[in-house]
Amino acid sequence: MSTRKDGTIQVEVRYDEKRNITMVDITGVVDTGTTLILDEKLSALLREQRYKMILNMEKVTYVSSAGWGLFISLLHKTREHHGDIKLASMTNEVKNVFNLLAFSNLIYSYKSVDDAIDAFGR
Amino acid sequence: MTSVLHPKSRKSSVKVELALWVMLLLAVSILVLTWFTLRQEREALTQEVTRRGMALAQYVAAHGQDPFLTNDKLTLATLVADVMKNEDMLYALIIDRNGRVVASDKSDLIGKAYTRPRGDYPLDRPAARAFTWTHPQAGRVIDIGIPLILQGTSKIGEVHLGVSKSTIDKVVRRAWKQVTLVAFLFLSGGLLGSIVLVTLMLRPISELTKGVEAIGGGNLEYQIPAMRNNELGELAITFNRMTLELKAATERALEQERIKKELQLAHQIQQSLLPKHTPQVEGFSFGALYRAAKEVGGDYYDFLWLDKHKLGIAVADVCGKGIPAAMLMSVARSMLKGMAHNFSSPAQVVKELNRLLHSDLKGGMFITVFYAVLDISKKTFTYASAGHNPAMLWNSTHQKFRLLGSEPPCLPVGVDKGTLFEKLLQEKKIALTAGDVVVLYTDGVTEAMNAEREEFGESGLQAFLKQHKSASQAGDLMRELDGQLTSFCGDVPQNDDIAAIILKVD
């Protein structure tokens, strides 16, 4: 049996202005309720035309289908503007679902935020 | 109860009661004030009359001493007559040291013994004194007595003047009468005035009462007319605000009730879309479970007879939950039913489903689908999984579990227009033998959480199957699983939709 944290979320945004990359540090769970909060934050970034995003998933213990839906939607929107989203540092629990949904075929994921930054640089 | 049912009679009684109390207070105040004033007046008048009486007595004493000694009765009679000219003078008399009347306004008393009023005593001091007594005919009388003193030492007689108090009483009585009349007129006017005043004051209350009655009757549009800027005016403003808030709250409650009813209806519709019974097939038994986290859910399961020997079995999970998920689920269900009858291959059915749905799905929505075809006669199970949890097989022959999924995994339906999806989607076939159990489920089963925030998990499902492998019917197994999930979660509210199918080979 695995355990997961309470249904809360914290989102912090950092900017790498030199490379024009936005890093979003997410803490908690991304479920039906918290997806709305995350959606608001990420939509605001899109309005600021920040189309290159790295979602730091290191402290995310669970992502529901609604959360994955949000990431897929974000993926389409950023790619429309020649940007991308990259997932970094997924925990095993989250990675398992990511793999089950075969999203590795759509979204690039990296072991660390630095790897994701490097990938944008290439 | 009567007063509550008859507010009007209560209102008028308040009016009269208030007016009467005001009047009673006023009347008592007037009476007490008048009584004190008149008592003071009476005392002042008594003092004045006494003072005047004493002056007269001293006059008689001063001028009567010599005639008294010389027994000049004429001069004494003149003195007495002079004194008697004063208003209210009842009697005037001079007595000698033996108590015999020497001069009097009543000539028949002269030479006779003086009868003192009861309680009076011979004067033993040189000063004048006043003594009040009650005359049988003239009423209350002030007797002014003063001794006649010879050469400042020995008393030779007494002068007594009787001054009637009737004038004082008359003045006081008249004053009482006047005060009573004025008070009566004043109180009558006051009573009328206070009734008018109270009526005017109570008018806002009657407006408020009207308002309460209107609202009680269900008219939440009612607003009390503007009033003066006082406490009642404030009450009216508060009342109007309360009415508006009540109206808003009622509308909100109605809206919520409407939404609740619609959700109940949606729940009924969704229930009607799910199979009413599990298939009755020789050699197999089936169990099914569906529990939405909200009124409606995004999970789906179905049994579809494709022909006499082939049974389509589907379990799907729409991302998210609630109404959007339920709507998409009902669309997907119709499409799947159509496709299932057109294509015998499960992979083909799922591919067609993806092709149809992809163009309609926006904003990252997707559906994970596990679709299988069970061949009853050949006992084969052919399946395709699009991003769905792998089904769990309990292989009775080898006494072990096997996950029936896609390796590598395939994307869920709706995220890719076709090329990648169709490349990833696989179809697999397994043969089933007696005692095998297949569980198809959505993540609501394995992610069901208890109070310690632990998930039921695949391990929980496997432990359950091991524990109940002797159960002969899939329906019994499903009931057991449902009970185990319920007791596992305890009081923790269900977070996700749950759908599951159990298939057991006899």
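Of the contacts in chain B between residues at least 6 apart in sequence, 65% join residues at least 24 apart, where two residues are in contact if their C-beta atoms, placed from the backbone, lie within 7 Å. The model is predicted, so that local features need pLDDT of at least 70 and side-chain atom pairs count only at pLDDT 80 or more, whereas totals for chains, interfaces and linings use all residues. Residues are numbered from 1 along each chain as its sequence is written, and chains are lettered from A and ligands numbered from 1 in the order in which they are written.

Chain B holds 11 helices and 15 strands, these being DSSP runs numbered from the N terminus (helices H or I, at least four residues; strands E, at least two). Of the 506 residues in chain B, 31% are buried, with 20 or more other C-beta atoms within 10 Å of their own, as against 12 or fewer for exposed residues and partly exposed ones in between.

Leu76(B), Leu79(B), Val80(B) and Val83(B) are the buried residues of α3(B). Seen down the axis of α3(B), these fall within an arc of 95°, and therefore line one face of the helix, the arc being that of the directions from the helix axis to the C-beta atoms. The face turned away from the buried side of α3(B) carries the exposed residues Leu74(B) and Ala81(B).

Between the chains, 18 residues of chain A are in contact with 23 residues of chain B.
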